[in-house]
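Here is a short report on one protein model with a ligand. Please keep the sequence and the 3D view open while reading.

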Amino acid sequence: MRFTIAGLLLCPLLWVDDSANGQENSVAGPRYEQRADHDPNGIGKFYMGREIAHVMGYLGAPWLERDTREKEERLTLLVKSLKLKPGDIVADIGAGSGVISVLMAEQVLPDGYVIGVDVQDEMLLLLQDNARKKGVTNIVPIKGSQKAPSLAPRSVDLAIMVDVYHEFEFPYEMMQEISRAMKPGGRVVLVEYRMEDPTVPIKLVHKMSQKQAKTEVEQPEFNMKWAETIDVLPRQHILVFTKQAEPKSTQ
Ligand SMILES: C[S@@+](CC[C@H](N)C(=O)[O-])C[C@H]1O[C@@H](n2cnc3c(N)ncnc32)[C@H](O)[C@@H]1O
């Protein structure tokens with residue numbers, strides 16, 4: 001438990017308790033909650049009522065690269081729907097072995113590039129290997145942490161997370177950092193399996209409803225607004241948020 005200076009000055013109740021899970025909490029209460037009774041496919045840690053899924057290990061890469069994925073998830077249609085432009089700076093956060101990074105990279109040529117961010121070195125090696133095999137030279141691999149994607153402030157036109165957001169161990173901190181990395185007007189895209197559709201054959205903690213995603217991303221401090229949901233994929237929704245211009249400082 002610790003006290004913020006603002007908390008001490010403004011109100012004795014504004015302390016920040018970071019003893020639970022070793023994480024910082026909001027003044028309204030713990031940001032994350034650990035529950036013993038939970039889905040075995042989740043980590044038992046809850047954020048805004050949602051259980052966080054296990055991170056897919058690098059041994060899952062063949063599943064990401066399976067031949068049937070295009071038919072099941074229509075990745076080429078996903079990338080087409082993003083309407084990327086030459087020169088765009090794209091961050092593929094949780095890029096895995098780079099299946100989607102590679103597809104996006106050619107759309108932003110000649111002078112745009114894709115930053116492939118992942119927390120696993122093995123995934124980043126696979127990503128580089130895949131890019132090399134396909135002759136793609138405009139992907140920059142970056143090792144992120146569980147709390148931050150290591151992107152420069154106001155540098156990104158489009159940040160995309162494909163089947164990733166639901167497994168962020170620290171979704172609040174990640175969105176804080178992603179928000180900082182966006183250019184004003186930049187787009188943040190979540191591609192998540194539709195929770196609303198019981199026929200989508202994916203475990204429950206790997207699905208997200210639109211309502212839940214909007215609640216989590218549209219928190220005022222992130223300064224992001226839902227713009228549209230592109231519903232062209234068989235299993236996932238494509239949720240697009242835009243980074244609003246920062247309010248002008250009055251000082
Ligand atoms: C299910 S895979 C999806 C990979 C890729 N987006 C795709 O669809 O082919 C999820 C990836 O997200 C990565 N990941 C999980 N948490 C992350 C974080 N906080 N920052 C960056 N990557 C993360 C995992 O290491 C894993 O490679």
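The report covers confidence, fold, core strands, selected residues, backbone geometry and the ligand shell.

## Model and confidence

This is a predicted model: local features need pLDDT of at least 70, side-chain atom pairs count only at pLDDT 80 or more, and totals for chains, interfaces and linings use all residues. Residues are numbered from 1 along each chain as its sequence is written.

Mean pLDDT (the predictor's confidence in each residue, from 0 to 100) is 90 for the protein. Of the residues, 87% score at least 70. Residues 1-23 stay under 50. For that segment the model has 29 contacts beyond four places in sequence. Where pLDDT is low, the predicted coordinates should not be read in detail.

## Fold and core

The protein has 8 helices and 11 strands. These are DSSP runs, numbered from the N terminus: helices are H or I with at least four residues, strands are E with at least two. Contacts are residue pairs whose C-beta atoms, placed from the backbone, lie within 7 Å. Among contacts with a separation of 6 or more, 61% join residues 24 or more positions apart.

Of the 251 residues, 36% are buried. A residue is buried if 20 or more other C-beta atoms, placed from the backbone, lie within 10 Å of its own, exposed if 12 or fewer, and partly exposed in between. The largest nonpolar core has 57 residues. Such a core is a set of buried Ala, Val, Leu, Ile, Met, Phe, Trp, Tyr and Cys residues joined through C-beta atoms within 7 Å. Val-90, Ala-91, Ala-159 and Val-189 have the most contacts inside it.

Strand β7 (residues 156-162) is mostly covered, with 6 of its 7 residues buried. Pairing here requires at least two DSSP bridges between two strands. β7 pairs in the parallel sense with β4 (residues 89-93) over 3 bridges. Asp-92 has Ile-160 of β7 as its bridge partner. β7 also pairs in the parallel sense with β8 (residues 182-194), over 6 bridges. There, Ala-159 is bridged to Val-188 of β8.

Ile-93 lies in β4. It is buried because 28 other C-beta atoms lie within 10 Å. Its C-alpha is 5.3 Å from that of Met-161, 68 residues away in sequence. Beyond four places in sequence, the contacts of Val-90 include Met-104, Val-114 and Leu-158.

## Loops and backbone geometry

Asn-138 is in the loop between α6 (121-133) and β6 (139-143). It counts as partly exposed because it has 17 C-beta neighbours inside 10 Å. Among the residues it touches are Ala-105, Leu-109 and Tyr-113.

Most residues other than glycine have a negative phi, and most peptide bonds are trans. The bond from Leu-109 to Pro-110 is cis, with omega near 10 degrees. Pro-110 is in the loop between α5 and β5. Ser-150, in the loop between β6 and β7, has a positive phi near 60 degrees. Asn-223 has a positive phi of about 60 degrees and is in the loop between α8 (210-217) and β10 (224-230).

## Ligand shell

There are 23 residues around the ligand, counted when the C-beta atom, placed from the backbone, lies within 6 Å of it. Met-56, Leu-64, Gly-94, Gly-96 and Val-162 come nearest. The elements giving two or more residues to this shell are α5 (99-105) and β5 (113-118).

By class, the shell has 15 nonpolar, 5 polar and 3 charged residues. Ala, Val, Leu, Ile, Met, Phe, Trp, Tyr, Cys and Pro count as nonpolar, Asp, Glu, Lys and Arg as charged, and the others, Gly among them, as polar.

Terms used
Contact = placed C-beta atoms within 7 Å.
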